[in-house]
Amino acid sequence: MAKNAYSAQEKFEIIMAYVDRQTSISDFCQQYGISTRALHDWLYLFQTYGTSGLQASSGWKRYTKEVKTAAVLDYLSGGYSLIEITHKYEISSRSVLKDWIKKYNDHRELKETKRMNNSMIKGRSTTQEERLEIVMYSLQNGKNYQQTSTQFNVSYQQVYQWVRKYEEHGEEGLIDKRGQRKSEPELTPEEKIQREMKRLERENERLRAENAFLKKLEELERRRLKKRP
């Protein structure tokens, strides 16, 4: 059943389920009660900003007055869609952009947004022994990935991946295999999402090209009909 709002952890878990899905995108979205647009937004935010991009607050990222104004003017020009502008200027959501547009149209000043949340921890290099210790801590604390992330100063994504690999492959799953060529099953969730995002971008480009072609055909048909006696 659809929900009005999802927590960052719920979004993250849905994204991870999406990576391993065995169904079509539409069936997957129906199963979780979300729109394909919402899923695409979450994938983009996670790929661009990590788990911090899934936070509900609109104030977690800093935007200058110049960026806000440029984004609004791009939208008002009619040359870009809302989602294209959010991607172009790395805006956290369409609702944030809509708020700027409303303020601009109401002749209110677009002030610089200050960064409000610096609590999200970035990933760091670890040894296999550290990864095992982190996994054990997480499992002993009910897979509380956020608590484990803070405790060991590693990212939420790292904890999630290590726990998952340990459950699937044991200690061998925690061996660092960077630098080795990976097969499809060895791709991390982020790598799979990156591949999917690229596929979606190519699909969007194809659809835009098809729509432009169809519009030209329709215009030519209208002109042809007008010329008929």
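Is Glu168 buried or exposed? Glu168 is exposed, with a relative accessible area of 51%. Here exposed means over 50%, buried under 20%, and partly exposed in between (1.4 Å probe, protein chains only).

The model is predicted: local features need pLDDT of at least 70, side-chain atom pairs count only at pLDDT 80 or more, and totals for chains, interfaces and linings use all residues. Residues are numbered from 1 along each chain as its sequence is written, and side-chain values use heavy atoms, with hydrogens and water left out.

The protein has ten helices and zero strands. Both are DSSP runs, numbered from the N terminus (helices: H or I, at least four residues; strands: E, at least two). Of the 229 residues, 35% count as buried. Contacts (heavy atoms within 4.5 Å) were also computed. Among those between residues at least 6 apart in sequence, 64% join residues at least 24 apart.

The structure holds four salt bridges. Each is a side-chain nitrogen of Lys or Arg within 4 Å of a carboxyl oxygen of Asp or Glu. Arg164 pairs with Glu168, with the closest N and O atoms 3.6 Å apart. Both residues lie in helix H9 (residues 156–169), four residues apart, so about one helical turn separates them.

Lys65 forms a salt bridge with Glu109, at 3.7 Å between the closest N and O atoms. Lys65 lies in helix H4 (residues 65–76) and Glu109 in the loop between helix H6 (94–105) and helix H7 (128–140), so the pair ties together parts 44 residues apart in sequence. Lys65 is partly exposed, at 39% relative accessible area.

Lys102 bridges to Asp106, with the closest N and O atoms 3.1 Å apart. Asp106 is partly exposed, at 37%.
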